[in-house]
Structure formats: C-alpha cells, structure tokens
Amino acid sequence: MTKAPLLPVVVIFVLLLLLAATSSGMTAVSEHQQRRCLSWRVAVEANNARAWSSVPPTCVGYVEDYMLRGQYQRDLDTVTYQIFAYLNNTINVAAADGMDAWVLDVDDTILSNLLYYKGKHYGGDPYDPLGFRSWAQRGICSAIPKMLRVYKRLIEKGFKVFLVTGRDEEMFNSSTSRNLDAQGFKGHERLIMRGADYRGVGASVFKSTMRKQLVGKGYRIRGNIGDQWSDLLGDCNGDRIFKVPNPMYFVP
C-alpha cells in the first residue's frame, strides 16, 4: 500500500494555528486593554516582569490574539533574522576543531506547545504539571518552522548543537527523542535532560550548570536560544543570546 506523503512541517504548524484560532472563539480585546497588555508583554520579554504564575485574567484574550493572529509570527521573523545575520556576518561557519557549539532549549523554542496551552487559556490557567506530563509523553508537539530552519542551518555550518531541556529524563526521554526526530530535528550532538540529581532545581541553575559542563569539556558556546530568561542567563551563556517570544508562562 502506498503511503500518503507527509505534510511539510510549515504546513502542519500553520494548520495547527488555524485550528486553534477557529475553534477558540477569539475573545474581543478593547483598544485600551490591548495597550495595557502590550505593556505587560513587553515587561515579560524584557525580564522586568518575573515570578508570575499565570497570564493576568484581563490579558488572556490579548495573549490569544498575539499567538494566533500574526504578531507572534512576525516577532519570530525578527528573532530568526537576527540569528541569521549573526551567523552570516560574524562567525559564518564552525571552526575546524569541532568545538564550536550552540545551545537550544526545546519547549516553545523549537517545539510548540501551542495546542496544549489553548486548553489552558493560553497561560491564563496556573501551571498543571500532571496535564503537561500527559501532553509531553504523547510526543506530538509540532516543530516551530522558523526555528527548524535555524536548527538546520546550524547543522549545515558544522556547529555542534546541544538541546538542553528541563524535561525530566526518566519521564520524557523516549517521547521527546521521538518527537524531535519526527519533526526534523536530526543530527544534534546531544539531548540533555534533567536527571534525578537536578529534580527540584530551578531551570536557571540547571541550565547554567549544563553549559558550564560543556565549556569544561572545551566547547565554545557561540549562541544560546531559548524562550525563557532562565534558558539564557547565568554562567557560560554564550557569545550571543537570542530570546524567542513567549507570553504564556514563566519558568524561574
């Protein structure tokens, strides 16, 4: 039997966005509320708003609109433009010794959890660890197409790519590996997950420690990409950091 061809990743991602938009019944947001929530989102992206547990109730509709009606995609365009400009104009290709590296986060940096967060009012509901565990174990997150392009360019240029995620290794190793492979994230040097020794440790400390270990082995971190500031701050954070937009949740 001839198998039907798989849809390109970008088509799947766009269809998921449309599905979320059409099935959610967009919440009307007044112009005044849009301005207030825009200021809140800028504070989130600038790391001025910290330790918030959920999207403010008055901004849930705004975040939904932001994620589904084009601004999120435009902001991603800007991030990837800056990454490619840095790659093309500053470092171009990896050094011949094989020790030039990039560190990338996974959740909502290269794999999208948008469909999951649709059911959580786009971050309006508090974090649900059991719900997210069930979702992540299914291994059906879609690639974020623009970030897949970045990933493939890094591989093509000879950089060692390390995927560093706060997902628990025992719970999510197999499902995450399968998910990444199915979405086209092939050829990375290593998927680094949270082991038993780091359960209960904040993401910033865990990821900083993992980067220090890489540098201790002689790797030069040329770039670091994440959707949370806890992905990017701390020791050995790299020559350049790039923040992917995400107003749906905060990870300390």
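Which residues in α4 meet which residues in α7? In this predicted model, Q73, L76, D77, T80, I83, F84, L87 and N88 in α4 meet K146, M147, R149, V150, R153 and L154 in α7. By class, this contact of α4 with α7 has seven nonpolar, three polar and four charged residues.

**Helix pairs**

Helix α4 covers residues 71–91 and helix α7 covers residues 145–156, and their axes come within 10 Å and cross at roughly 10°. Because angles under 35 degrees count as roughly parallel, α4 is described as roughly parallel to α7. The crossing in which α4 passes α7 is left-handed.

A further pair is formed by helix α6 (residues 129–138) and helix α8 (residues 169–182), whose axes come within 7 Å and cross at roughly 35°. On the side of α6 the contact is made by R133, A136 and Q137, while α8 contributes M171, F172 and S175. The residues of this contact of α6 with α8 divide into three nonpolar, two polar and one charged. The table sets out the two pairs.

| Helix pair | Axes come within | Crossing angle |
|---|---|---|
| α4 and α7 | 10 Å | roughly 10° |
| α6 and α8 | 7 Å | roughly 35° |

**The sheet**

The model also holds an open sheet of five strands, arranged in the order β5-β4-β1-β6-β7 with parallel pairing. Its edge strands are β5 (190–194) and β7 (241–243), each of which pairs on one side only. From one strand to the next, the twist averages 20°. Helix α9, made of residues 203–216, packs on this sheet and touches β1, β4, β5 and β6, and the direction of α9 makes about 150° with that of β4.

**Strand β1**

Strand β1 spans residues 100–104, and since five of its five residues are buried, β1 is largely enclosed by the rest of the structure. In a regular strand the side chains alternate between the two faces of the sheet. In β1, D100, W102 and L104 point one way, whereas A101 and V103 point the other way, and all of these are buried.

Strands of a sheet pair through backbone hydrogen bonds, either parallel or antiparallel. With strand β6 (residues 220–226), β1 pairs in the parallel sense over five bridges, and V103 stands opposite N224 in β6. With strand β4 (residues 160–168), β1 also runs parallel, and four bridges join the two strands; here the bridge partner of W102 is V161 in β4.

Conventions: Residues numbered from 1 in each chain as written. Predicted model: local features only at pLDDT ≥ 70, side-chain atom pairs only at ≥ 80, totals over all residues. Heavy atoms only, no water. Axes fitted to C-alpha atoms, helices over the stretch in contact; angles between N-to-C directions. Parallel < 35°, antiparallel > 145°, perpendicular 65-115°, else oblique. Left-handed = near helix turned anticlockwise from the far one by under 90°. Contact = heavy atoms within 4.5 Å. Nonpolar A, V, L, I, M, F, W, Y, C, P; charged D, E, K, R; others polar. Buried < 20%, exposed > 50% of the residue type's maximum accessible area, 1.4 Å probe, protein only. Pairing = 2+ DSSP bridges.
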